[in-house]
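Subject: Model handover

Hello,

Please find the model below, with the sequence. My notes follow it.

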Amino acid sequence: MTDIITLSASALAEKLRAGELTSVEAVQAHLDRIAAVDDAEHGVHAFLHVNAEEALAVAAEVDAIRAAGGAEAAALHPLAGVPIAVKDLIVTKGQPTTAGSRMLEGWMSPYDATVIEKIRAAKLPILGKTNLDEFAQGSSTEHSAFGNTRNPWDLTRIPGGSGGGSAAAVAAFEAPLALGTDTGGSIRQPGAVTGTVGAKPTYGAVSRYGAIAMASSLDQIGPVARTVLDSALLQELIGGHDPRDSTSLPETVPALADAARQGAAGDLSGVRVGVIKELQGEGYEAGVQARFDESLELLKARGAQIVEVSCPHFQYALAAYYLIMPSEMSSNLAKFDGVRYGNRVLPTDGNVTIERVMGATRAAGFGDEVKRRIILGTYALSAGYYDAYYGSAQKVRTLIQRDFAAAFERADVLISPTAPTVAFELGAKLDDPLAMYLNDVATIPANLAGVPGISVPGGLSDGLPVGIQFLAPAREDARMYRAAAALEAALEEEWGHPLLADAQDLEQAVAAAKEGAK
Amino acid sequence: MSAISREDVAHLAELAHIAMLDAELDRMAGELDAIVDAIASVSQVAGEDVPATSHPIPLTNVFREDVVGATLTQEEALLNAPDAEDGRFKVPAILEED
Amino acid sequence: MSTEATVDFDDALTRYEPALGFEVHVELNTKTKMFSDAPNEFGDEANTNVTPVDLGLPGTLPVVNGKAIEYSIKLGLALNCSIAESCRFARKNYFYPDNPKNFQTSQYDEPIAFDGYLDIELDSGRVIRVEIERAHMEEDAGKLTHLGGATGRIQGASASLVDYNRAGVPLVEIVTKPILGVGADAPELGRKYVAAVRDIVKALDVSDARMERGNVRCDANVSLAPIGAEKLGTRSETKNVNSLRSIERAVRYEIERHAAILDAGGSVVQETRHWHEDTRTTSSGRPKSDADDYRYFPEPDLVPVVTSRERVEEIRATLPELPAARRTRLKADWGFSDEEFRDVVNAGLDEALEATVTAGATPAAARKWWMGEISRLAKDGEVEPTELGILPADVVEVEGLIGEKKINDKIAKQVLQFVAAGEGRPAAIVEARSLAVVSDDGPLLAAIEDAMAGAPDVVEKIKAGKVAAIGALIGPVMKATRGQADAGRVRELVLEKLGVQG
C-alpha cells in the first residue's frame, strides 16, 4: 500500500495545497488500489463503475490551476483535487446510475444531482459509482443486482447496507471520501461494520435533488469517510439550501469542521451524553456492548456527564419504519415502468399491451426485496388499511419525536451502539427478511424523527469493527460532530493509531481469495 | 391466522403493476404474512389524540417564482426512451374496451 | 357500435328526477407549470417544454409555483369559497403512460378552497344555486396520440405516442355538491354552470378559458331517481365533453339513457362514459383497474401551504369585478327589462354593449344595433356578432350620423353591412358611396311634389287631418331619392307644404 491512499482527505488536501503531491498522482494511486483489490468475483467489489478518464481530467485541471497560482488557485475549494466515490443511487451525468438494479442498468442521467454539482464545482475528481442494495433496500448490499460487495476486514462478510459499496471503498483505501444515502441507517450501519465514519445529516440539511428517492420523508445524502473531520468537511461542502428541494432547510450550513476540531481537542466538560436505555443490552452482541461501555468510560474521562434516558416508543420504531418506508417507496418506484427510460421488457405470451409491458418490465427489473417492499407498501396504503397501517405509523413517528425531545431536555447528545452485531457472513440472513431488518433497530429512530446521527469506529469485537452512534437534536449536527470527534480522539489515543490500521492486508487477502477459488 | 393472503398479494401485485408467477405469489404471501404480523402492533400504540407526522422537520410555504427555467432538448428527453417516434415516447397498445 | 336505448327527455321527466354533479378542470395560465419551471405553452414541438421533473426522471423533486397558489385562491374566492388556513398536497397513485411519475400530485382531504356556491340564472329567469364542495390544485397529465386505430381513437390502436409538454400544467379542479331539484332544466343548468365558471376564470385572467383548447374541461355526473324517492340513483360520469353545447347534450342524453334502463327494470352501471360529438351519444369506457384505490397519502416532497387571513384579504382586494356583479350593475345602469337584459346576456353581447355604451352610445341604441341588424348579419354569415368586424365605435359613429340626419335607419343598416364587408369605418363609407341622406330640400321637394301628384287621395286624407297617411308618400319619395331621404324631414316638408299641423 502506498502512503498516499492511507492519507485522510484533509491530510491529502494539505499535501496537494503544499505542492507535495499532485491530484493526478493521488487519483492514479487510488485507481491503482481499485485495480488491485476491487475484483468483482473475489475482491471488495465496491465499485460498479470506475470513472478513470474523467477523474484524471479533473485532477489535471486542478493541478494546472494550482501550478498557475494567483487568484484562481487561491479560490480553489480546500478539498479540490481530493478524489471521491459516489453511491450509485445519486445521479451523475457522464457515467451510469443504476441504483444497483437491472431496471436502470446502463441508464445515463441527463442531469446531475445538486450534491454532484457542488462536488464538480469544488473540483473533486469522481472515482466512480459504488455498489448498494437495489434501490437502497437492504442492510447488507446482498440485494444488489450486480453482485456482492465484501467487507475489507473479512471478505466472507457483509459490508453493511444499503451503502456497503461506499463504506467498503473508504475502508479499503480505494477512496478517502464517499457519498452515501441514509434512510434507515444505510450510511451509519455500513460505517459501523467496516470501521469507518458515516453520518446522516439533519433531514433537509443536504439536498435530495438527484438522489433516487426511496422514502422521501426519511432519505438524506450524507458523508462517508475515515475520520470525523473528513466527514464534517464533506458535509459542509454538500450541505445547504437548495431551491429545487422543497424539504431543504433554509439555513446555511453550520461550522461542522470547527466543531469536529473542537471535539478533537478533547474537553467535553459540560456536555451531557444520554445513553438510550432501549438501544442496548438485550439483542446486542456482547462484544458490541463491551466496546460501547468502554466508549462511555472514555467520554466520562474527558469530562462528559453520562446520563441515562428512556425513549419508550423506540420499541415500535422498526414497525413504524417498515410501514412508512415501503409505503413511500412503493409510490416512488412506480415511475419505473419502461415507458420513458429503463429496461423495457415485453411479455413473452399473450398480447403486448402497455399494462402488460409495465408488469413484465417491473417483474424483470426489480429484485425480490424491492418487490416485497412494494407489495407491503401498496398494502399499507390501500383503502381500508391506511388508518391501521400508514396512518398509525405516522402517529408513532410523532411519539418517537416526542421521546427525542424529552431525551434532549436531559442530554445534549445521545449515544448508542450503531448496530446490534458486527458484520455477519454473506448469505447468513438472506432467507430471513425480518432478521435482516433488525440490523437497523438503532439507526431507524433518527430517520423517523429527522435528527442527525453519526457512527464512529468504537473498536473491534472478535476482530471485526463495532460502531458507536451519536445523535443530536435537529439542526444541531455540530454537536454530534464535536462529541464524535472527541470519542475518536480518545480512542485513537488508546490504540495509538486509527482502527483501520489493524485491518488485514487486503491485496494479499484478495489474491488469496482468487487463488482459493481456482 | 394469516394477515395477508395469496389473493391479497395477487391483487396488490396487480395494483403495483408487477407481473408475478403463482410460485412467487405463494412465497411472497408467506414472507409478508410474517412481516405484517410483526408490524401490526403499530395500530395499537398511538391514541386518537396523537397527530400524524408526515414531515419530520416542519416547513411551510416553500414556493418558487413563476419564471421559466432551463428545459431539456427533445433529444435529451428521449435519450433513454426504450422506444420513440416523431419526437414522442412510444408505447404499445393501451387496453380499452370497445 | 351498439346503440343504447333512450327514452324521450320530457317523457323521462314525468317519472324521474335527475341529480347532477360537475367536475370542472381549469388550466391556469401561469407562465410555468405547477411543480416545475418548464414553460406552460401550447402548440410547441413535442417534448420540448419538459424538465427532468416533468419526465419523472429518477431523483427529481417538485417545487410549488407560487403564482398558481395565488390564482387558485383567487378562483376560490370568486366561487364564494372559504380558503384553507393550512392545506397539503397528496399523491394520487395510478399507472398510466401519460402520468410521468405514475402518481398525480393533487390534493385529497385538504383542498385549498371549499364550501362555495354560484348562482346560475337560466333563460327562464329561474335562479339555481349550485353549491361547490371544493376547488383543489393538481397537475395535468401528458398527451397521448394513438396510432393504427380508427380515426386516432384509442380502440384498436396498435401503439400510442406520448408528449409530456402539457404534463405538469397547473389545474384547479372544481367539484360541485350534488345538484338536486332541477328537473327539466338539467341540461341548460349544466351548460350555464360551466359557462359561468369559464366567464369567471376569464374575468380573473387566471386561465385562457378556451374550451376548444381544453383550458376548461367538464366531467358531468348524472343520476336519476323516481320522483319522490329519498335515495339518489346510481350515477354515470361522462368525460370528454369539450364544449358548452356538448355538456347540455350529454346531460340530456344520459337522462334519456338512464330512464330507458330504469324503465326496463334494470340498474344503471356506475361507470365512466365518453361523449361522442359526432353521434351525440355516450359510450362505456373501461374503468381503470386502480380506479377504486388511489392509495392517497400526503405528498412527502412538498410542505403545507399556509394562508393567513391577511393574505386572503390581500388577494381578495385584487379581484376584478366578477361577471355576476357586473351583470347586476349593467342591468341597473341600462334600465332594460329583465327579459331584455337576459336576451342580451344569452346572446353573449353584454360585453359588446358595455363597450359601445362606454364609447358613447345610449344603452338602448347599443342594444338596438347589436341585437338587431348586427345579429342578423352574423346569423346570415354563420359567425358570432362580435366576429363580424363591426366595432363598438362603429355603432357610436352610426348613431352619430343618424343624429346628424346624415343618414337614416335604412341607410345605417346598409352601412353596417359594408363595415362587416371590410370597407372601412361608417363615415368614410357614407362618403365613398355617396350614401348621405339628401339634405338639400330642393330635390326633396321635387320628389315630394311628384309623390303628391301621383297620390291625390292621400293628399286629401292628410289635409283632412289624417297625418298618419303621410307614410304612403314617404315610400315613393324614398324610391325617388334611392333611400337617401330623411323620413323625418320629408314629413316636415309635406306638412309645411300642406299647411297642416303634425
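Sheet of chain A

In this predicted model, strand 2 (residues 84-87) of chain A runs parallel to strand 3 (residues 126-130) of chain A, and four bridges join them. Helices (H or I, at least four residues) and strands (E, at least two) are DSSP runs, numbered from the N terminus. Two strands count as paired if DSSP finds at least two bridges between them. Across this pair, A85(A) has G128(A) in strand 3 of chain A as its bridge partner.

Both strands belong to an open sheet of 11 strands in chain A, with mixed pairing and the order 1-3-2-4-6-5-10-11-9-7-8. Its edges are strand 1 (47-50) and strand 8 (305-309) of chain A, each of which pairs on one side only. From one strand to the next the twist averages 30°; axes are lines fitted to C-alpha atoms, for helices over the stretch in contact, and angles run from 0 to 180 degrees between N-to-C directions.

Strand 10 of chain A

Strand 10 (453-461) of chain A pairs in the antiparallel sense with strand 5 (residues 197-200) of chain A over three bridges, where K200(A) stands opposite G453(A). Strand 10 of chain A is also antiparallel to strand 11 of chain A, over eight bridges. There P457(A) stands opposite G467(A). The hairpin of these two strands has two residues between them, and D462(A) takes a positive phi near 55°.

Chain B has four helices and three strands, in the order α-α-α-β-α-β-β from the N terminus. The radius of gyration of chain B, taken over C-alpha atoms, is 23 Å, whereas a compact globule of 98 residues would have one near 13 Å (the rule is 2.2 Å times the number of residues to the power 0.38). Of the 98 residues in chain B, 34% are buried.

The contact between chains A and B takes 57 residues from chain A and 45 from chain B; two residues are in contact if their C-beta atoms, placed from the backbone, lie within 7 Å. Helix 2 of chain B gives the largest share of the chain B side, seven residues. That side has 35 nonpolar, seven polar and three charged residues. Ala, Val, Leu, Ile, Met, Phe, Trp, Tyr, Cys and Pro count as nonpolar, Asp, Glu, Lys and Arg as charged, and the others, Gly among them, as polar.

Towards chain C, the contact takes 34 residues from chain B and 43 from chain C. Strand 3 of chain B gives the largest share of the chain B side, five residues, and the classes there are 14 nonpolar, nine polar and 11 charged. Strand 1 of chain B also pairs in the parallel sense with strand 2 (residues 64-65) of chain C, over two bridges, with R64(B) opposite N65(C).

Conventions

Residues are numbered from 1 along each chain as its sequence is written, and chains are lettered from A and ligands numbered from 1 in the order in which they are written. As the model is predicted, local features need pLDDT of at least 70 and side-chain atom pairs count only at pLDDT 80 or more, while totals for chains, interfaces and linings use all residues.

Regards

Terms used: A residue is buried if 20 or more other C-beta atoms lie within 10 Å of its own, exposed if 12 or fewer, and partly exposed in between; C-beta atoms are placed from the backbone.
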